[in-house]
Amino acid sequence: MCSNALGQLACRLFTKARLQWPCARKQHRLLNPRLLVQNGRMVSHSTVDPAEVRKFQALASRWWDEQGEFGALHAMNELRVPFIRDNLLNVHSVQQMGRPLSGLRILDVGCGGGLLTEPLARLGADVLGIDPVQDSVRIAELHLSHDPALRGRVQYRACSLEELIEEEEEVKEGFHALLASEVMEHLADLNTFIDSCHHVLKPGGSLFITTINRTQLSYILGIIFAEQILRFVPRGTHDWEKFISPVELETLVESTGFSVQCIRGMLYNPVSGTWSWQQSTAVNYALHALKRMEDPQPHRVQTEGENVDEAAHAAGQ
């Protein structure tokens, strides 16, 4: 029995979650087939979910309101900016007073209003922010116009990652790092997205992802608590079925030609409005991976006949 107010709230949350919990849900979505390469060009499915675009189109004007719907993302910069900076410095050993990321070219995918784009540019990086929501890009450009010092290091484009790849000129040099912060849970095709990330990064380039685990706790905190009770996130922002576990994400990333360097748990405190690193990845987590210098050769299962033929060929040499 729950004897105090906090316990009663927990009981109500758990009961409500049990009632809404998709117990009979279908098996988690299958990841789509890999990208195809035809005539030297990548042919992809779209990673953009039109329903997600509509959600963020309605919220575009509020990106830079730190007390509004994106307040938690503003606060997340306290963790994600140092996480990106420190891991890039470990890889590239770039050192310049005041601008430690000078000389690095970064792609911020799903940049929204530029909440993460601008801080990284202030650290010296050249950053391209892309987003399929045109109004979000306009807000990002408007905010950038108030800081002339950043104009030479930040560019924005209203497009998806696969659309950027189709233009080729933008990506032929490759990027030192790609960011997908709070993006994975809004995509239509994860396989195409990770393949596209691999395509635009230089060998040894860094992939940074922050996203939400698919657990009962993330359902309670991320859907029931954040959207329906406290409402500091607009109702309907997240679809629990689109969340991806660290194991699934690591498997996908590793199989695409990356080497995962670290995965760290994150937790948001809505009372204090702050984020902290956690041992547990049960709710939010961050991942850093490196594009392998040489892509692994695909595994091929030999038939018994092939083994015999190869042995005979070797004996005859």
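On helix α2, the face turned away from the buried side carries P50, R54 and A58, which are exposed (over 50% relative accessible area, whereas buried means under 20%, with a 1.4 Å probe and protein chains only). This is a predicted model, in which local features need pLDDT of at least 70 and side-chain atom pairs count only at pLDDT 80 or more, while totals for chains, interfaces and linings use all residues. Residues are numbered from 1 along each chain as its sequence is written, and side-chain values use heavy atoms, with hydrogens and water left out.

Helix α2 spans residues 50–59, and E52, V53, F56 and L59 are buried in it (helices are DSSP runs of H or I with at least four residues, numbered from the N terminus). Seen down the axis of α2, these buried residues fall within an arc of 125°, so they line one face of the helix; the arc is that of the directions from the helix axis to the C-beta atoms. Among the elements that cover them is α5, residues 134–144, where contact means heavy atoms within 4.5 Å.

F56 also belongs to a cluster that ring pairs form with W63 and F70. Rings of Phe, Tyr and Trp (its six-membered ring) pair if their centres lie within 6.5 Å, and planes under 30 degrees apart count as stacked, over 60 as edge-to-face and the rest as tilted. The structure holds six aromatic pairs, one of them the stacked pair of W63 and F70, with 3.8 Å centre to centre and 5° between the planes. Both W63 and F70 are buried. The ring centres of Y268 and W275 are 5.1 Å apart with the planes at 40°, so this pair is tilted.

Methods. Helix = DSSP H or I, 4+ residues; strand = E, 2+ residues; numbered from the N terminus.
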